[in-house]
Amino acid sequence: MNLKISALEYVQEVKTGNISAEDFVAKTIERIQNVDDKLNAFLTVNETSVDQAREIDKKIKSGYKVGDCFGMPISIKDNICIKDSKTTCASKMLENYISPYDATVISKLKQQDAIFVGKVNMDEFAMGLTTEFSAYGPSKNPWNNDYVPGGSSGGSAVSVSAFECVASLGSDTGGSVRNPASFCSTVGYKPTYGLISRYGLISYANSIEQIGPLTRTVKDTAFMLNMIAGLDSNDNTTIDNKNEDYLSGIESGIEGKKIGIIKEMIGEGIDPKILSATKNAISKLENLGAICEEISLDMVKYSVAAYYTITATEAGSNLARFDNLRYGYDFPLEGYEFNSYISKARCNFGPEVTRRLIIGGFVPSTGHAGKYFSKALKVKMKLTKEIDKIFKKFDLLVAPTVPILPFKLGEKIDDPVSLFLVDINTVTANLTGKPSISVPFANSNGLPIGIQLMADSLNDKLLLQAGYALEQTVSLPEVPL
Amino acid sequence: MTMIGLEIHCQLTNLESKLFCSCKANYREFKINENICPVCMGLPGSLPRLNQEAVKKATIIAMALNCTTPEKIAFFRKNYFYPDSPKNFQITQLNIYGDTSVGGAGSIMVGDKKIRITRIQLEEDPGRLIYEGSSSKNQITLVDYNRAGTPLVEIVTEPDFETPKEVRDFLNILSDVLTNLGVANPSLEGAMRADANVSIEGGKKVEIKNIGSFHDLEKATHFEITRQESLHSRDIEIIQETRHWDDKRKITVSSRSKEEELDYRYFLEGDIPWIKMDSAIHTKLQSEMPESISSKKERYVSKYNIPTQVADVLSSDKYYSDLFEASHTESNAKEVANIITTDLMGLVDTREKREASKFTATHLKELADSVQSGKIARNSSKNALHEILKTGKDLSTVVKEMDLGNVSDESELSAIITQVILEESQAVEQAKSNPQTINYLVGKVMQKTKGKADPALTLDLLKKQIGI
């Protein structure tokens, strides 16, 4: 049984009866059992996966209508709620939390007969970009186990890259899908803000984050979008995508498209290997008929500062509900009154979350908001204006997803500011609501490099076309596992 | 000069569902913590889903109180930790970053005085704390989240009141307006709560929180003015503070917590996009608004010639004006108004009595018509009304069962009149010379028929028999 097939291939194989869902899912679970001790991608494994797959096989055999996923094994980041299963956000605060309802993306995938093989690791409450801030230990990069897999959706990227599932759902607040996708050589997608319902995604910075798929191929991402995108009455920020088919016309190419190269994202601090890979990608895009031109997005230089100010503010509010009164972990009330109890209970947040909550209490507070939070909102507004202006002339923007190569576990954990700067190329898409994709593009001494493309709001289809075109220009090594 | 300003919280009790989910707005019918869902419990991952109907109702209130209504409205988060608040922030509205709440500056007339409205905002009600245990040592606090997320409109006034009486008059008018708009039932327990800001000449502003009824609001402001005046007369400084209304002892008590020092870190609620409220929407809402109390009153006076005082009483109470609208005709309007204001109001003076009564507009129409056509005497109509309220039977049945119908059979009445003429020969002679005195004879006929003789017919027949 070959587990190294794409989502589209899986669907085809099961549909035609070449393989059974049960065999594939059983082998996938076996794979998880074999490799995950080392990789630590999974926080929970769904014990009923194989039984569910067997039921789907029965449905196929007896000619019942089967959903488009045909029992495809998918992993889910542990900040997306699945009914009756543990959703911890990789935090001690939610150690025993079992969600009583399904996120919208989960109910949509259930309707299409997907199987959730497990919940995967992440930085606690999605704050971080290495998974080292998980309360349950870091995940390891399958390409080299001494290296971080990126984050915060590190478990998602690892599980896809190491063939522990066919596809995964992560969440992207400032690059949390694209960053690990780049570090683990998978495709990672952050859609236009509002394209995918956030209902059931545990909020970190709700005004800019989106759920996004991590897959082996760009076509698989388009397939996943077909499954989960669109208007949702449970999320007032969703937009009507008119049931767009993201797979149709994906091979149309990018002939004649104008692509801007963002100067600020290939400047100071970029790894020379990343720079040369980016130049290579640009010439490949030109070979495909695109017209590439260097442009400037001046506000990018303030984007990381603005990003951390805004996300900390929203996190301070979004995470306030975790007071351990209605749900959480085992910690008796006796001997406390309300304020002392919640202060004590909230000590269970890890160091990075605590750091951001402290910042989040400060930057929007009276007397300081003008200096920090209001300024950050201004940067967000100006950056959006700038990029909107550029998208009047350009169809797409290109940059490396991350300006540096994957680094070793522990290397940057004590240096939060240098970690923050790794986000420089990804946060712009979140602050402006634009769709963005990371496509595996190169490999430097066994460490993956991803290229990031961006398009204007609701131009997700064009973005996928471009990603597909770029993907076809390279042939990458297989993960050494 | 004494200055009182109010912050009134009014639940939109007539809405079907809560402000951000489909749980019931009428939480009162439920057992503890049974009217809840992931959204109003603020469970991880849940998102608010704005009830558009609540926005409309709140906007209608703003328009009725002559407020400005912005083109776009937004929601904000007010961040603070409290056990009745499941998300530890409240979704509310704010005007500090431009006018984005449902209503801006407005006003309402209380008698001849104009009370200015600062703003009107739509927000969610928190849950309810229940204290158990006898002493403070073993007291435990329980939380019922059934109320959490109930749509609430906060009406903030300028400090335009000078006496508790003005506060009371304002609240009565406001209560009538809200009821007339069909947005709320202010008489429901906890549907209307208020905070009051009170200051006297030379003193600082004191905020009184947690006043659970309109009745108590008048009492609380009265108590607070007296307290402040007493301090002032003894040269004790009145400090700026927050006090709580002690419901049981009917006094205000200084709050130990420093609520004024809380920093709510307001910022835009990103989960609810801005809502466009352009002039087309406002025009549409305007056209759907029920007729205002003052317009009703004017119509009652000018069209039906109902006395101003009667029209005033009738128009300001939605229950009575709805009854009037449903039962009156061109000809019986005055009689309907009469029956409502002189008889009915005394019989159904509480909400419980109204709800228990089986009285309908049809009853009222028949009753007024019968009185007007002389089928039933005015006196008897009151007895019939009483019986209908109790039993809900139709008028004709009640009249028959209680024998209330007028004697309008000519031969039967003639016989009685003949007898009266025989018995009262002196009065008959008097009537011949002075027709005014015939009323004495009418009275005698009434006595014999226990008030059921048709008065017009009696007079006719009497005149005929006497020959005048």
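In chain B of this predicted model, 67% of the contacts with a separation of 6 or more are between residues 24 or more positions apart. Chain A meets chain B through 31 residues of its own, which touch 23 residues of chain B.

**Chain B overall**
- Chain B holds 16 helices and 15 strands.
- With a radius of gyration of 30 Å, well over the 23 Å that the globule rule gives for 468 residues, chain B is more spread out than a compact globule.
- As for burial, 40% of the 468 residues in chain B count as buried.

**Where A meets B**
- On the chain A side, 31 residues are in contact with 23 residues of chain B.

**A look at α9 of chain A**
- Helix α9 of chain A runs over residues 300–318, 19 residues in total.
- From first C-alpha to last, α9 of chain A reaches 26 Å, close to the 27 Å expected at 1.5 Å a residue.
- There's a bend of about 25 degrees in α9 of chain A, at A:Ala306.
- This helix, α9 of chain A, is mostly covered, with 16 of its 19 residues buried.

Definitions and conventions: Residues are numbered from 1 along each chain as its sequence is written. Chains are lettered from A and ligands numbered from 1 in the order in which they are written. This is a predicted model: local features need pLDDT of at least 70, side-chain atom pairs count only at pLDDT 80 or more; totals for chains, interfaces and linings use all residues. Helices (H or I, at least four residues) and strands (E, at least two) are DSSP runs, numbered from the N terminus. The expected span of a helix is 1.5 Å times one less than its number of residues. The bend at a residue is the angle between axes fitted to the seven residues ending there and the seven starting there. A residue is buried if 20 or more other C-beta atoms lie within 10 Å of its own, exposed if 12 or fewer, and partly exposed in between; C-beta atoms are placed from the backbone. Two residues are in contact if their C-beta atoms, placed from the backbone, lie within 7 Å. The radius of gyration is taken over C-alpha atoms; the globule rule is 2.2 Å times the number of residues to the power 0.38.
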